[in-house]
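Student: Please take one part of this model and look at it closely. Give me its partners and contacts in a single connected answer, then a brief look elsewhere for comparison.

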Amino acid sequence: MTAALPTPSETRPAPPDMAVIGNSTIAALIDQRAKIVWTCWPRIDGDPLFSSLVGGADPERGFLAVELDGLSATSQSYERNTAVLVTVLTSADGSSVRITDFAPRFKQYGRIFRPPMILRRIEPISGTPRVRVRMRPTMDYGRHLARPIPGSNHIRYVSDTGAVRLTSDVPVAYLSSEGQFVLTRPMTLIIHADETFPNAIEDVWFAFLRSTRQYWFDWVRYLSIPFEWQDAVIRAAVTLKLCSSEETGAIVAALTTSIPEAPGTGRNWDYRFCWLRDAYFTVHALNKLGATLTMERFLDYMRTVIASEKGYLKPVYGIVPEQSLDEWISDALTGFNGDGPVRIGNAAAEQVQHDVTGSLILAASQMFFDHRLPKLGDEALFRELEQLGEMAAAKAFEPDAGIWEYRGRQAIHTHSAAMCFAACDRLALIAGKLELGDRQAYWRAHAERIREAILTRSWNEEQGFFAASFDGSSADASTLLLAELGVVAATDPRFVSTVERLQKRLVRHGFLLRYDERDDFGTPETSFNICTFWLADALHAIGRKDEARALFEALLARRNHVGLLSEDIDPITGRLWGNFPQTYSMVGIIVTAMRLSREWVH
């Protein structure tokens, strides 16, 4: 997509005006001028090597930029069905350059090669382009600007807390001085660990690019995509893959921290961790496409989490489950466009959220029924899952912080109870599959006990909907999941009424809020993208299919220039807000497209 440059008063980018590259070890966010503005190192939850995205008042730190003299227009797109990004910069005099970015990922020596590494190629297209390359990495969450130490064909960037290396065939004199030069031939930049680069730069570029392209072509080729909206689904699937940490199996909620849900609200959170709930939704979406390896790796992660806990599961864990997620505020990063605070870690790790057991059991249940998998779930795995089921059965009617992680209040949340029901219900189904009749009866009894309580205590007769909490009157978008979870049939008049009432209470200019009452930070201003996807799914389930398609198309229209979504939409301006790219939102594209799409034409 080609874009004219903004006027000086518009130079601060909107949260979604970026693309992402990655390889399931690291990821980088790149704006439409080809500036790398965010990269955590050496993992996607690590110290931001490029931090200018949330650098606020100091835009001269934390980036890698290729600056074209006289820049007047840009275009940016992905190479089809890959995570390889191409940005074209055009000058007022007609000269132009093409910048290609990717992180290597391919099969090598019987395993996936996915090092912490970014490769960038700068090529002249027309005219006599004059460019300047500036790399200014930060370390220790923006506290230190790394010191450049030039070498023969590289620069080491060093601080007291670490080092990284840039190897390049751009003359080191131009790199170290940030001097302008005429680009007469393609040149390559490789950001990698601080160690000697033993290969020819040109050879590595072509070999890694060819192999990485082929990896993504092969991965996409075997996706079971719907007939309609194929490009949107493919881009969502690739993005979800980039939000996984393949090394441990964790799946992060987003790749960034502290992009506000709405400006000036303080709703700035660190999403670079694995929420068990969000991970289930990602696994569910990729399973629908047939990309089941992410589920298998997540189950490895899940079993590590379960083994480390005794009787209680946190809602969120680090990529390494034992790492601390203690929340603190960076004193060196002042926020996206200066809109702080920038939080590191997440206090939600200390909350009580009873839906997490259901999330894990739902994520694992396909292991028992999907015969494509090399190893099916067995009785040993079932017994592990039963430990989670016992937690669900015991905690279903106890107050918690809920799916939206209220920091100042607790209640018996309908969604949490519904997920406890789902935990017991799926265990009953798995027990039946394994022909364990006594366990099937045991879990079915628990499931029906919880279901009956939900239908009795969360139904608000006066309001005509399933309320956010037992004996409550608040509206909550998560009750749109009650039919999908199996608590109530989609044809049940109570569910139909719930959908209609939530439309009246929570829809703002076509998009759905999570809830409409004050929380710890005031009244929500932006709609939550996944909730609008849930509404489209619910409308389809109750037979209002044309309305569901129109709503889905409206959401697709809000994607950014490369097909990505963040967490929230300002329903008045249509502008995207929140951490980016948001796995919840990309999941919504996949799941809703597969539900609403017409059948394949033969």
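Tutor: Start with strand S13, which is joined to strand S19 (residues 180–182) by three bridges and runs antiparallel to it. Strands here are DSSP runs of type E with at least two residues, and helices are H or I runs with at least four, both numbered from the N terminus. The model is predicted, so local features need pLDDT of at least 70, side-chain atom pairs count only at pLDDT 80 or more, and totals for chains, interfaces and linings use all residues. Residues are numbered from 1 along each chain as its sequence is written, and side-chain values use heavy atoms, with hydrogens and water left out.

Now the side chain to watch. Arg-134 lies in S13, which spans residues 130–136. Arg-134 is buried, at 11% relative accessible area (buried is under 20%, exposed over 50%, partly exposed in between; 1.4 Å probe, protein chains only). The Arg-134 side chain makes a polar contact of 2.8 Å with the side chain of Glu-67 (N or O atoms within 3.5 Å, one able to donate a hydrogen and the other to accept it; sequence-adjacent residues count only if both atoms are side-chain atoms). Neighbours within four places in sequence aside, Arg-134 is in contact with Glu-60, Phe-63, Leu-64, Ala-65, Glu-67 and Glu-178 (heavy atoms within 4.5 Å).

Elsewhere, S31, S32 and S33 form an open, antiparallel sheet in that order. Strands S31 (527–528) and S33 (576–577) are at the edges, each with a single partner strand, so one side of each has no neighbour in the sheet. S33 is joined to S32 (residues 568–569) by two bridges, running antiparallel. Trp-577 in S33 faces Asp-568 across that pairing.

Last, a helix pair. In H7, Phe-382, Leu-385, Glu-386, Gly-389, Ala-392 and Ala-393 meet a set of residues in H8: Cys-420, Ala-423, Cys-424, Leu-427, Ile-430 and Ala-431. By class, this contact has ten nonpolar residues, one polar and one charged.

Technical notes: Ala, Val, Leu, Ile, Met, Phe, Trp, Tyr, Cys and Pro count as nonpolar, Asp, Glu, Lys and Arg as charged, and the others, Gly among them, as polar. Two strands pair if DSSP finds at least two bridges between them.
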